[in-house]
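I am opening my notebook on this structure and writing down, entry by entry, what I looked up.

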Amino acid sequence: MTVDVHAHVIVPEITGDEDWQPRLWRDDSGNQVVELGGKQIRAAIHEFVDIDGILAAQDEAGVDRVLLSPWVPLLYYDADPDEGLRRARIQNDALAGLIGERVAALGALPLQDPELAAAELPDLMERLSGVEVAASVRGVFLGDGRFEPFWAAAEETGALVFIHPTTRGFDSPAFQDYYLWNTVGNPLETATTAAHMVMAGVMERHPGLRVLLAHGGGALLALRGRLRHAHSFQAQARSRLGESPEESMKRFYFDTLTHDEALLRALIDYAGADHVLLGSDYPFDMGDARQVDTVRALGLAPDVEAAILAGNAERLLTA
């Protein structure tokens, strides 16, 4: 059994010609183009809308079950909260309609209004397995106190919360060169919000939270020593967190998408095999189209491999 927990979808119900709706087509070379708000995106290289096409791609990768989540720009944090909720409900209804033996799904919430998002979460959890959130909301990272109502609701409902970078979290001109907005910016944004949550005491205050970090936690693993050291002497770093930063860090779950065997081994060793889950970032060019093979190539003990490929996901999705 294998379960891919990091795969995106654009539900047909949200496509259209209005400015807030994505449009998809093929260019003269047959490449898929996604347009949103007048901007064209060509990084989605596999089927993005049709569920049968998505499952066919998962078959080819050796995946039995997939956890689908929205394309991050379709979380609509730039919208008025009530309008954001309307758009989220369209997606959530459509995602709920896809759920079956091979498909589970995470929904969207208007996190620009954390209290509204918290109030909507119990209804979402009646139909879906949890929610995808971006690493920052209008430039505010997720350890900020304004998000406390949402984190409390997420812990109470048992929602799986998948944190994914916004893909445009930093405005330095350097990130516009050499695809660095993706290769460096995305993992840095995930690490920033995870560290922000840790040092703000979010994971300590809410030990029942189930938070999954995209892209192997981004750059978080490389920062553990610096966070630990700062917490040992720096007053501000100690102001909101009683436990060791590493205790909070190890409460996170991580997907396998690292593109580096040594790093993936280190992640499994650090986080524990019970906190690492198979993930591909389908359908994007920075994804891993052979995610199952990537894990199997590590030569892990059979029980460890089984947990990463499916067992951990099944536990989180059915709890």
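**Entry 1: α3 against α4.** I looked up which residues touch here, and found that Pro114, Glu115, Ala117, Ala118, Leu121, Pro122 and Met125 in α3 meet Pro149, Phe150, Ala153, Ala154 and Thr157 in α4, where contact means heavy atoms within 4.5 Å. By class, this contact has 10 nonpolar, one polar and one charged residues; Ala, Val, Leu, Ile, Met, Phe, Trp, Tyr, Cys and Pro count as nonpolar, Asp, Glu, Lys and Arg as charged, and the others, Gly among them, as polar.

I noted before going on that this is a predicted model, in which local features need pLDDT of at least 70 and side-chain atom pairs count only at pLDDT 80 or more, while totals for chains, interfaces and linings use all residues. Residues are numbered from 1 along each chain as its sequence is written, and side-chain values use heavy atoms, with hydrogens and water left out.

Two packed helices are described by the angle between their axes and the distance between the axes. For helix α3 (residues 114–125) and helix α4 (residues 148–157), I found that the axes come within 8 Å and cross at roughly 15 degrees. Axes are lines fitted to C-alpha atoms, for helices over the stretch in contact, and angles run from 0 to 180 degrees between N-to-C directions. Helices (H or I, at least four residues) and strands (E, at least two) are DSSP runs, numbered from the N terminus. I therefore wrote down α3 and α4 as roughly parallel to each other (angles under 35 degrees count as roughly parallel, over 145 as roughly antiparallel, 65 to 115 as roughly perpendicular and the rest as oblique).

**Entry 2: a glutamine in α2.** Is glutamine 91 buried or exposed? I found glutamine 91 in helix α2 (residues 81–98), and it is buried, with a relative accessible area of 1% (buried means under 20% relative accessible area, exposed over 50%, partly exposed in between, with a 1.4 Å probe and protein chains only). Leaving aside neighbours within four places in sequence, glutamine 91 is in contact with Val11, Ile14, Pro70, Leu74, Tyr76 and Ala108.

**Entry 3: the cores.** The largest nonpolar core has 89 residues, and those with the most contacts inside it are Phe150, Trp151, Ile163, Val211, Leu220 and Phe252. A nonpolar core is a set of buried Ala, Val, Leu, Ile, Met, Phe, Trp, Tyr and Cys residues joined through side-chain atoms within 4.5 Å. Leaving aside neighbours within four places in sequence, I listed Trp151, Val161, Ile163, Met197, Met203, Phe252 and Tyr253 as contacts of valine 211.

**Entry 4: leucine 213.** I placed leucine 213 in strand β11 (residues 210–213), where it counts as buried at 0% relative accessibility. Leucine 213 and phenylalanine 162 are 51 residues apart in sequence and 6.1 Å apart in space, C-alpha to C-alpha.

**Entry 5: glycine 139.** I found glycine 139 in the loop between β8 (136–137) and β9 (140–141), and glycine 139 is exposed, with a relative accessible area of 57%.
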